[in-house]
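This briefing is meant to be read beside the sequence and the 3D view.

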Amino acid sequence: MLIDVNLTEAPLLVPAVPKEMLGISKLSDGRTLVRINSSSLDVIQNCMRKAQYLLHEGWKPEVESPALTFGSAIHAALEVFYQGEMDHRRVPDIEELERIVCGHAYDERDLVLAATGAFAKKAEVLSSLPDGDKRHPMNGAWLLQHYFRLYINDPYVCYFDDKGPFVERRLEFTLFDGPDLVIEYFGTVDMIGQHVDTKELLAFDHKTTSTIAGYGESGSYFEKDRPNSQYCGYILAAQKNGIAVDSLAVNIVEVKAKPKTSRGSPPSFPRQITTRNTGDFMEFSDAVVDSVRRYLAAADSGRWVIGPVGACNAFSGCTYKQVCASPASVRENILKSKFKKEGSNAPV
């Protein structure tokens, strides 16, 4: 799951939740086992120095940013919304949703109220943000009302299998099995949706972002549909686990503040479908194997080459930019003062 992050904002005191990123161990036959997900792959491909700090040495931010917390809350709402039946959807009054955000009781049998309640529970800590902030829970209620209105007739609902609803489902598979190296790829798919009429299955990746029109240095957000290792990995993981999907819906929730005048525009919720085939999977696998071998070589040599300036300044800037911009002699002190160490992924 990729969520819009703005590191220039002062973080709230929300403890960062530990997340499995990369694991390295030795098998009984002497081969190296590497477990990797899309987030770790992206770090390695963008900057080996960042891979050193985040993956190899385990330096993590002390707190979670408001953008991550808000994105998690929106995800929680959509989990509930799509698990319900289509005829249970409705467009609520904004006052109904605002009361839930304020802590009032609600009927959990009402689908949109239950979805908003899931959002409010996750987003409660953001109530300390200034009124009118785009990530304030009240603004989240406004965003959700517009989403419910737009997608009231969305033909996709959550797919259910013998394990229950296919939401936030952890999937993994063996991507590479060689004489010296085994790579297991893992990830959490936001949802597998099923078309109510055709029964077609479609993977979903919910994304919250405040930059739809222009996303980083690559221009349009939708230019990121391919090549995209995250999407390719999700589709391949689903197939390896017996789910007949070859496409993924990038389901975007624009995070914007409620306009102060009637001339302001509502939020946008564009959706893009991207498809993968055998050739895409082969290129993806090659990229993963190459990245893993480069990571292991860097860990073995102790040489972590700093990445391009584009990686330092993408989005609102790399988390470790201040560290790399400082003299080597003080970097350890900066890491200890601004981050916490959650263990090492150094090869055994």
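Strands β8 (residues 181-195) and β9 are paired antiparallel through four bridges; two strands count as paired if DSSP finds at least two bridges between them. Strands (E, at least two residues) and helices (H or I, at least four) are DSSP runs numbered from the N terminus. The model is predicted, with local features needing pLDDT of at least 70 and side-chain atom pairs counted only at pLDDT 80 or more, while totals for chains, interfaces and linings use all residues. Residues are numbered from 1 along each chain as its sequence is written, and side-chain values use heavy atoms, with hydrogens and water left out.

**Strand β9 and its partners**

- Between β8 and β9 there are five residues, and the two strands form a hairpin. Lys 199, in the turn, has a positive phi of about 70 degrees.
- Met 191 has Phe 204 of β9 as its bridge partner.
- Strand β10 (residues 247-254) runs parallel to β9, and seven bridges join the two. Here His 206 stands opposite Asn 251 of β10.
- Strand β9 spans residues 201-209, and nine of its nine residues are buried. Buried means under 20% relative accessible area, exposed means over 50%, and partly exposed lies in between (1.4 Å probe, protein chains only).
- In a regular strand the side chains alternate between the two faces of the sheet.
- In β9, Leu 201, Ala 203, Asp 205, Lys 207 and Thr 209 point one way. Leu 202, Phe 204, His 206 and Thr 208 point the other way, and the residues of both sets are all buried.

**Salt bridges**

- The model has 18 salt bridges, each defined as a side-chain nitrogen of Lys or Arg within 4 Å of a carboxyl oxygen of Asp or Glu.
- Side chains of opposite charge can pair when their charged atoms come close.
- Glu 172 is partly exposed because its relative accessibility is 37%, whereas Arg 35 is buried at 16%.
- These two residues also belong to a network of salt bridges that links Glu 20, Arg 35, Arg 170, Glu 172 and Glu 184.
- Another salt bridge is formed by the side chains of Glu 342 and Lys 60, at 3.3 Å from N to O. Glu 342 lies in the segment after β12 (339-341) and Lys 60 in strand β3 (residues 59-61), 282 residues apart.
- Glu 342 counts as partly exposed at 30% relative accessibility, and Lys 60 counts as buried at 14%.
- Arg 293 and Asp 180 meet through their side chains at 3.1 Å, N to O. Arg 293 is in helix α8 (residues 278-301) and Asp 180 is in the loop between β7 and β8, 113 residues apart.
- Arg 293 is partly exposed with a relative accessible area of 35%, and Asp 180 is partly exposed with 38%.

**Helix α11**

- The buried residues of helix α11 (residues 331-338) are Arg 331, Ile 334 and Leu 335. They lie on the same side of α11 because they cover an arc of only 100 degrees around the axis, the arc being that of the directions from the helix axis to the C-beta atoms.
- Exposed residues Asn 333, Lys 336 and Ser 337 sit on the face of α11 turned away from the buried side.
- The cover over the buried residues of α11 includes α2 (48-56), β3, α10 (321-325) and β12.

**Ser 291**

- Ser 291 is located in helix α8 and counts as buried because its relative accessibility is 1%.
- Apart from neighbours within four places in sequence, Ser 291 is in contact with Leu 41, Ile 44 and Gln 45. Contact means heavy atoms within 4.5 Å.

**Lining of the largest cavity**

- Helices α3 (66-83) and α6 (137-150) each supply at least two residues of the lining of the largest cavity.
- Three lining residues come from α6, which is the largest share.
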